[in-house]
Structures are given as C-alpha cells and as structure tokens.
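Colleague: Could you walk me through how you read a model like this one? I'd like to start with the contact between the chains.

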Amino acid sequence: MTLYEKIISLYPELATYNFISGVITLENAGKGDYIAKWEHPTLAQPTKEQLEAIE
Amino acid sequence: MALINTTTTGVLGTTVYGDGQGSLAVQKDGVTQGIYGNIPAFSVYLGTLQNVTTNTFTKVLLNIEEFDTNNNYDNATNYRFTPTVAGYYQINGNITLNATLINGNSLAVIYKNGSRYKDGNLQSASSGGALFYSVVSTLVYFNGTTDYVELWGLVNGTGSPSFGVNTGTQSYLNGYLVKAT
C-alpha cells in the first residue's frame with residue numbers, strides 16, 4: 001500500500017482532494033514516498049504510528 | 001579561460017591575448033557581461049521506465065546524458081543540474097506518463113534547491129488515455145555553487161502510471177546558459 005493509499009484510508013474525504021494545490025504535498029525523490037508538506041486547515045498530519053498501523 | 005576586462009580608463013584598440021583555453025569571458029569593471037565559446041549546456045533523458053505513485057510528486061531519475069559540456073549534471077546519484085558558472089539559464093523539461101488514467105492529470109515541475117519552483121502545463125483526461133504529456137520551460141538563476149534544478153512530475157487519477165522512455169523522446173531535461181553574472 002502506498003503512502004497516498006494509506007492517507008486516503010485514514011482520511012477518505014481526501015480521495016477527491018487536489019494534490020496539485022500544494023496544501024498537502026507528497027514526494028518521492030527516489031527513496032520512497034514521504035510527506036513533504038501538510039497544511040490542511042482541518043485534518044491533522046498523520047503520525048508515523050498511524051501510517052504504520054495501516055495495512 | 002581567457003578574459004577581456006574593459007574599464008573606463010582603458011586604452012582603445014588594445015589587443016588582448018588570452019591563454020587559448022576554455023571559454024572567453026568579457027567583463028566591464030570586473031563584472032562579467034558574457035561568456036563566449038564553450039557555453040555550458042546539457043541534455044539528459046530517462047533511460048529506464050520509472051513507476052510513479054499517483055498524487056505524489058516524483059523526481060524523474062534522468063540517467064542518460066546526451067551532452068553535458070561543463071560536467072554539471074549528476075546522472076548517477078542525485079539526478080540534478082548544478083552549474084558552476086553563475087548566471088541565468090534556460091531550462092526545459094518534459095514528462096510523458098504511460099497510463100490509462102481515470103480522471104487523470106499530469107504535471108511537469110522544475111524543482112530548484114529541493115522545492116517546487118515552476119509548474120508546466122497540466123494535461124487532463126476525464127477517462128482513459130494512454131500517454132499524458134506535460135512540458136515545463138523557464139528561466140532560472142543559479143549562483144554557480146549550490147543552486148541546482150531537478151525535473152519532477154505529478155500524476156493523479158486512478159491507474160498505475162510510469163514515466164515513459166522511448167529512447168529519450170519522452171521524459172527529458174535540457175538547458176543552457178543565457179547570461180553569465
């Protein structure tokens with residue numbers, strides 16, 4: 001499961017979210033996906049533990 | 001590098017001899033006005049299909065050099081252009097995504113020093129589609145020491161996309177020095 005899929009699993013309301021907007025930015029520089037920026041006004045950035053708990 | 005440095009107190013008609021090697025820099029009062037001869041230029045492309053996670057900005061691992069006149073592109077570790085001559089460079093990039101996407105978009109982006117710098121055109125398709133193209137072209141200032149650029153791409157929608165190759169025609173980055181500083 002990708003990082004994006006884990007985030008959608010945690011926050012289903014983000015399934016239609018426009019990730020081009022730059023409010024939430026996921027990146028991959030060649031060594032795996034990571035959260036580069038999270039400035040969503042209402043949803044908290046998932047913790048490492050929350051993401052790891054999702055299978 | 002040979003050097004011509006004119007000053008307001010210089011002598012008109014003076015013949016200047018350089019060392020005969022490298023580029024020719026012309027300065028006015030010690031400030032570079034232009035560099036002539038071996039203008040730094042590079043062109044690189046993706047040689048291996050690269051899988052992409054949707055909704056995730058992904059660095060394009062451009063690993064094949066067509067030319068790199070000043071050895072400023074790293075095609076093995078960080079996949080970035082770090083020019084050693086300060087100035088303004090024209091930078092052009094293109095990504096092609098092989099995918100059958102539903103409600104998909106593709107976006108090419110120039111990253112400067114690790115951050116999103118300039119976006120290209122956004123190509124969209126409401127249903128299906130085999131190839132998604134996006135072009136980005138911009139002028140970038142580099143300090144000649146630490147500044148660098150990379151080509152990144154984003155694809156969203158539903159599907160399993162990858163950056164295309166097709167012998168260097170689909171995902172590439174190139175650039176050249178326009179004006180040294």
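Predicted model: local features only at pLDDT ≥ 70, side-chain atom pairs only at ≥ 80, totals over all residues.

Colleague: Fine. How many salt bridges does that give between chain A and chain B?

Modeller: Zero between chain A and chain B. Polar contacts are another matter: seven residue pairs make them across the interface, with both residues at pLDDT 80 or more.

Colleague: And which elements of chain A supply two or more residues to the side that touches chain B?

Modeller: Strand E1 (24-28) and strand E2 (33-38) of chain A. E1(A) gives the largest share, four residues. By residue type, that side of chain A splits into six nonpolar, six polar and two charged.

Colleague: How do I put a size on an interface?

Modeller: The usual idea is that size is often given as the accessible area lost when the parts come together. In this case chain A and chain B bury about 1100 Å² between them, and 57% of that is on carbon and sulfur atoms. On the chain A side, Ile20(A), Glu27(A) and Asn28(A) lose the most area to chain B, together 44% of what that side buries. As for who takes part, the contact draws 14 residues from chain A and 16 residues from chain B.

Colleague: Back to salt bridges: how many are there over all chains?

Modeller: Three by this rule. One to look at is Lys59(B) with Glu150(B), where the closest N and O atoms are 3.0 Å apart. Lys59(B) sits in strand E6 (residues 57-59) and Glu150(B) in strand E14 of chain B, so to speak distant parts of the chain, 91 residues apart.

Colleague: What about pockets? How do you find empty space at all?

Modeller: Rolling a probe the size of a water molecule over the atoms shows where empty space is left. Here the largest pocket holds about 330 Å³ of space. Its lining has 19 residues, and those nearest the centre are Tyr4(A), Thr54(B), Asn55(B), Gly157(B) and Thr158(B).

Colleague: Which element gives the largest share of that lining?

Modeller: E14(B), with three residues. The lining of the largest pocket counts five nonpolar residues, 13 polar and one charged.

Terms used. Residues numbered from 1 in each chain as written. Chains lettered and ligands numbered in written order. Heavy atoms only, no water. 1 Å grid on protein atoms, 1.4 Å probe; cavity = no way out; pocket = protein on both sides within 12 Å on 5 of 7 lines; lining within 4 Å. Points joined across faces, edges and corners; volume = space filled by probe spheres on them. Nonpolar A, V, L, I, M, F, W, Y, C, P; charged D, E, K, R; others polar. Contact = heavy atoms within 4.5 Å. Buried area = accessible area lost by both parts, 1.4 Å probe. Salt bridge = Lys/Arg side-chain N within 4 Å of Asp/Glu carboxyl O. Polar contact = N/O pair within 3.5 Å; in protein donor to acceptor, adjacent residues only side chain to side chain.
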